[in-house]
Amino acid sequence: MKTVLRYVLTYKKSAIIALLLMGVELTVELLQPMLMGIIIDQGVVEQDMEAIMVWGGLLLFLSLLAFASGITNSFFAANVSQGVGHDVRRDLFTRIQSFTADQFQRFATSSLITRMTNDVTQVQSFLFMAMRIMLRAPLFIIGGLILAFTVHAGLASILLLAVPFLFLFMLWMMGKGVRLFRLVQNRLDAVNRVIRENLVNMRLIKAFDRGEYEQHRFDDVNRPLMDENKKALRLLELTMPAVMLAMNIVLVVVLWYGAADLRVGGAQAGQVVAVLNYGTRIMFSFSTFSFLLMVFSRGRASTTRIAEVLHKDAGEEVNTKGEANTINGDVSFEDVSFRYPGMDVDVIKHLTFSVRAGETIGILGETGSGKTSLLQLLPRLYSPTKGQICIDQKDIHTHDVQSLRREIGFVTQEAHLFSGTIADNIKWGDEQAGMEQVKQAAKDAHIHDFIMSLPSQYETHLGQKGVNLSGGQKQRLSLARAMIKRPAILMLDDSTSALDAQTEASVLQTLEHLSCTTFIVAQKISSVQAADQILLLQDGELIAKGEHSELMKDSEAYKNIFQSQVQREEVLDESI
Amino acid sequence: MSQSNRSHPHQRRGIPTKPPKIEHMKRTLIRIWRYMMVEKGRITLVLAMVLISSILSLLGPYLLGVTVDKIIAKVEVSTLVWMLVLLACVYVFQYGAVLLQQFFMIGVAQNTIYTMRNDLFEHFHKMGMSFFQTKQHGELMSRATNDMENISRTLNSSVIQFSTSILTLIGTLGMMIWLSPLLTIVTLVIVPILFYGMKWITSRTGVYFKEQQRHLGDMNGYIEESLTGHHIITLYSREAQVMEQFKHKNEAYRNASYWAQTYTGFIPKLLNLLNNLSFALIVGLGGLFALNGWISIGVIVTFTTYSRQFTRPLNDLANQFNVILSAVAGAERVFHIMDEPSETEDEKDVEHVTAIEGKVQFRNVSFAYEKEQPTLENIHFDVKPGETVALVGPTGAGKTTIISLLSRFYTPNEGEIYVDGKSLSSISRKSLRNNLGMVLQDSFLFEATIRENIRYGRLDATDEEVMEAAKKANAHRFIESLPEGYETMLQSDGQRISHGQRQLLSIARAMLADPQLLILDEATSSIDTITEVKINEALSTLMEGRTSFVIAHRLNTIQNADQIIVLDEGKIVEKGTHGTLLRQNGMYASFMQQQLSKA
């Protein structure tokens, strides 16, 4: 909550004006019953027409004043809530953009998106409410009690006895209700989960004829949902009528006491009516509380989630500045170990190898053997836990991160494109690139012909995430995006997997002609067979290193993989 | 000092959305009503209580006014006490009735929703596969969750609120006219103001909301895109540009929503004004009337409460209207799904087969998902019990369709499929599928423990049998290596275990089911070599002695098949074994060449 309140400070003026205007409205409402009492006592009972006109006129004027304040308030309150929302989003976005890969990993992407969209909206509506009605109900209760006292202390003390007690009871019940609703939410999640699973797995469920079983499983989550829902709703829905009943009984007592007092000449009729009216209005204020509580608890949950992102510690402060060198492309790993922050196993263990500029390095290994992690260390997405990585004989930490990344082309496993034209997407690699260079990069990535076959060619718009392209096309576009950089080091993380055999072969061939140092992570030996060096990883350790022919001689593990992959070919040859 | 029973007076104010489109309002309402009428007794009780509480809510303020008059007239305390006791009784009964109506309505509403959910879910399972092919999961999901929730919320409160509002509105109006027609006119002065005021505001907000929605969509889209592509932005050092772009979208959204929110903020203020205005008018003019002796002070007191009771339902009804409409629209969508014809029932006198041998014959089978676009044409082949058939061909050749026909997800348009010499349509779906095992390429897993996921193959299997199946499927070792072993909870998106391991689990599942007919849809995705070896081993154990249909991508499987059926554009182009087909040097041979150059 604090975090967001600090944002309100920027809009101090608007916030104060909005609150003051709300105060005006509140005051008007508080004065109304009092004026009503005066009209009755001085006007009706005393038979004074003028008094009625004067006080009645004042009442009318005050109503209009309250309206004017309310309308004006809307402008200022919207200014505050929208302003704060804007600022919070801005800071969240900036913060997230500055996240290191590790920090980003800690939040699920979907959760970050929710925080930036839903949660901020939630906070906005909370603030808008706060500026307008949040304080009103509690203030009205307090103010109403005080004014009732000025009207008639004896009658008001009955209210004073009852109101705090009822108020606390109501809050207590609602607190319970909120907890119950959290349970309901969990049950609802369970129900939705089963539905989703069933929809996704329908084919399997049908094949195994598990329809009835699934229906039982569904009933097992649906029934508790119903039960919890009933419990929670009943608690909440029954609290208000109970409080109202109690309050009405209190008002009957006020009447009774008033009548007795009136007879002995203590109270005047108008005073009794006024106190009665205060009582009624306080009761109405009660009824807004459950709503306010809901807005408040939602707002609080959202602010907490926003604050988690904003206050995320910057991680270990990595030095991002350094020498901005052009890079030649020599790479060496010296006894490099790495574990993801917060994990307790090294994913890369004592890795040592060196590569000369222009070489091609194939990296093979099972899923989870550390191939991707290895690649991520070079552009400094993560820093090694131990050991040293050098580019051009200089520790990568002495390089400027920005310039380092400019020299590295990293084609990730999943090709992510942005909305915009195809040309825009390729130009991500080099904003200054001209159309000729874009086309050349596309040709190198063997996607040019496809692009030219589209009606708008390079100006074709890609939807979000580039949905209208196939996996292979996306992979080649992201390859083009990396190639247009003319990087000194190019890294392909299994990023030709969706290409058909022929295209893959031609892409690999093109890569050989590039002058940059190339790392290729692959599943199949055939993809890296021509590499100058092949690294075979297992559980983060380098178990073999060398050219294909060397490895075939020296490495049992490599030979095994080769056998299982290539044996097919031999079988085929024989039969032909 | 009476009070209608709504608890969230501000909740539904504000966003005036366009009323949703409803085709069959009446039919849908009747249908919901029929669901609720299962509990006729309780519904009647609820409605009776609504009637009682509404009447009493009119009586309260009236008695209060009378009492005030008596107090002012300084009548005997003893008569007054009776009045007060009567008033207290009215309150007790009024709120007693409210309590009861809420209590029972929640019960009815939740039971109704429970039944509807179950019905919808059951209906999902009655649908044929074609239904799921044409509908998007997201859409069905939204029916079962959002729409249902919407109906649930509305049923909880709206039925009572709606009927109470109407009753109170009519009742209050009647009482007011009876008490003082003059003061009634004063009270009604505000109604046109309310009407035109609301109209003015909503005409404005409508425009701004549309604008706001557009900018919101734009901004949220950008947020999603740049967060999912965060790693790319980092790698290309594009943070500054991205932030600049976001700044523009963020500002555009702020400006649009500023006006939307400001105008929305007018609505409660207008209502407040009207409340205050009518209060001032009633007290001021009422005072004058009282002075002339036309009315008593008690009537003024009564009217101050009645005027609130009158504007409140007006406002409620206006708010409820959209809420109810959107719920009805939701219900309509739900019913729409429930009305989809279910998978064709089994023909009469179908046979329940218990154990089948596994002989399969396709006799001139043709099939089309959509008319005039045949997916399969004249498919004809024989499979002996225990044989393995590899289905080979490019995407869209009809491999999956053959399997779907065999599982009777669809029925052929022409021709006949025989299992053990019996026509498929003479065998009950249930018993056929009991003899059928399936290992699909996506390796579907459920959010449950590993043990339960394997046991899905045969629900009454013991823990030992589950473990036995896992061992045969080469899955036991990796399961044991997990900290929680067989009790490891799996996420439905398959986190925590690798793709290959998921496949091993689904093989274990089929192993446990021990079917005579086996359907395999091999994964195309890259799996590390060592796991692949394990999968191959497990598959050959599984296929041993069973009639197996494999949509094959792995060479190993294809080579070992007893029969290879090469499909292209829905037709069988070649049929034979690996050796004979290679010698033919036709489509299969060239297909193999292609596969190999990739491998």
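## Confidence in the predicted model

The term pLDDT stands for the predictor's confidence in each residue, on a scale from 0 to 100. The structure is a predicted model, in which local features need pLDDT of at least 70 and side-chain atom pairs count only at pLDDT 80 or more, while totals for chains, interfaces and linings use all residues. Residues are numbered from 1 along each chain as its sequence is written, and chains are lettered from A and ligands numbered from 1 in the order in which they are written.

Chain A has a mean pLDDT of 78, with 91% of its residues at 70 or more. Within chain A, helix 3 (residues 49-97) has the highest confidence, at 85, and helix 20 (residues 556-575) the lowest, at a mean of 59; helices (H or I, at least four residues) and strands (E, at least two) are DSSP runs, numbered from the N terminus. The pLDDT is below 50 over residues 568-576 of chain A, a stretch that has 12 contacts in the model beyond near neighbours in sequence, where two residues are in contact if their C-beta atoms, placed from the backbone, lie within 7 Å.

For chain B the mean pLDDT is 79, and 89% of the residues reach 70 or more. Residues 1-18 of chain B have pLDDT below 50, and this stretch has 55 contacts in the model beyond near neighbours in sequence. For the complex, the predictor gives an ipTM of 0.74 and a pTM of 0.69.

## Annotated transmembrane regions

In an unreviewed entry, UniProt places the feature "transmembrane region" at residues 16-40, 52-71, 155-173, 235-258 and 278-296 of chain A; such positions are given in the numbering used here, feature names are shortened, and annotations may be inferred rather than shown by experiment. In the model, residues 16-40 of chain A are 100% helix and 0% strand, with the end C-alpha atoms 37 Å apart, and residues 235-258 of chain A are likewise 100% helix and 0% strand, with the end C-alpha atoms 35 Å apart.

For chain B, UniProt places the feature "transmembrane region" (unreviewed entry) at residues 43-64, 79-100, 166-195 and 279-303. Residues 43-64 of chain B are 100% helix and 0% strand, and their end C-alpha atoms lie 32 Å apart; residues 79-100 of chain B are also 100% helix and 0% strand, with end C-alpha atoms 32 Å apart.

## The contact between the chains

The contact between the chains takes 136 residues from chain A and 125 residues from chain B. On the side of chain A that touches chain B, the largest share, 30 residues, comes from helix 9 (residues 211-263) of chain A. That side of chain A has 65 nonpolar, 45 polar and 26 charged residues, where Ala, Val, Leu, Ile, Met, Phe, Trp, Tyr, Cys and Pro count as nonpolar, Asp, Glu, Lys and Arg as charged, and the others, Gly among them, as polar.

## Helix packing in chain B

The axes of helix 14 (residues 463-472) of chain B and helix 16 (residues 499-513) of chain B come within 8 Å and cross at roughly 125°; axes are lines fitted to C-alpha atoms, for helices over the stretch in contact, and angles run from 0 to 180 degrees between N-to-C directions. Helix 14 of chain B and helix 16 of chain B are therefore oblique to each other, since angles under 35 degrees count as roughly parallel, over 145 as roughly antiparallel, 65 to 115 as roughly perpendicular and the rest as oblique. In this contact B:Glu465, B:Val466, B:Ala469, B:Ala470 and B:Lys472 of helix 14 meet B:Ala508, B:Met511 and B:Leu512 of helix 16, and the residues divide into six nonpolar, no polar and two charged.
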